[in-house]
Amino acid sequence: MPSAEETRLLSMPADDYMNDEQLAFFRRRLLADKARIEEHLGDIRAAMAGHERDSDELDQAAFEEVLRLQLRQADRETRLLANIGAALRRIEAGDYGYCEESGEPIGLPRLLLRPTARLSLEAKERQEHRETHYRKNRGEG
């Protein structure tokens, strides 16, 4: 369910797309997401650094399994941090909210779900179709 602020943004006229209020909302949201992810990555680093290496084999195996899962999550979050940085740069450049492929508006509903989106839904679907076709041609899918 959208927040009151999101509902207000969605109710704005289409010709007011990416106005100052909308850009400020997405800047705040991206910065908050960035801070949350950086904090989580710091927690993972602290847990890794603080682990006792002299524990018994069962404890060590359990820790290594948890660590493996956390490292996968950290990898995803690190990539997301790069995407957040790129989105913040697009806000500063005045390109945020517009499809990199077509130049058309991405749309507020899509940006509310994925504030780092660089492509409109149609362009993203074309990209995924091309990738699927490419994988099939290479015998991967």
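**Notebook: salt bridges and ring pairs**

The term stands for a side-chain nitrogen of Lys or Arg within 4 Å of a carboxyl oxygen of Asp or Glu. Arg-90 lies in helix α3 and Glu-100 in the loop between α3 and α4 (108–113), so the pair ties together parts that are 10 residues apart in sequence. I take helices (H or I, at least four residues) as DSSP runs, as I would strands (E, at least two), numbered from the N terminus.

The model is predicted: local features need pLDDT of at least 70 and side-chain atom pairs pLDDT 80 or more, while totals for chains, interfaces and linings use all residues. Residues are numbered from 1 along each chain as its sequence is written, and side-chain values use heavy atoms, without hydrogens and water.

I then checked burial (buried is under 20% relative accessible area, exposed over 50%, partly exposed in between; 1.4 Å probe, protein chains only). Arg-90 is buried at 10%, whereas Glu-100 is partly exposed at 46%. I also noted that Arg-90, Glu-100 and Arg-118 are linked in a network of salt bridges.

My count for the structure came to 10 salt bridges. One of them joins Arg-126 and Glu-101, at 2.9 Å from N to O. Arg-126 sits in helix α5 (residues 121–137) and Glu-101 in the loop between α3 and α4, so this pair ties together parts 25 residues apart in sequence. Arg-126 is partly exposed at 40%, and Glu-101 is partly exposed at 41%.

I also looked at Arg-79 and Asp-75, whose side chains meet in a salt bridge of 2.4 Å, N to O. Both lie in helix α3 (residues 57–93), four residues apart, about one turn of the helix.

Next I searched the whole structure for aromatic pairs and got three. I counted rings of Phe, Tyr and Trp (its six-membered ring) with centres within 6.5 Å; planes under 30 degrees apart are stacked, over 60 edge-to-face, the rest tilted.

Tyr-17 and Tyr-98 are edge-to-face, 5.3 Å centre to centre, with 90° between the planes. Tyr-17 is in the loop between α1 (4–10) and α2 (20–50) and Tyr-98 in the loop between α3 and α4, 81 residues apart. Tyr-17 is buried at 15%; Tyr-98 is partly exposed at 29%.

Phe-26 and Tyr-96 have centres 5.5 Å apart and planes at 45°, so I logged the pair as tilted. Phe-26 is in helix α2 and Tyr-96 in the loop between α3 and α4, 70 residues apart. Both are buried. Ring pairs link Phe-25, Phe-26 and Tyr-96 into a cluster.
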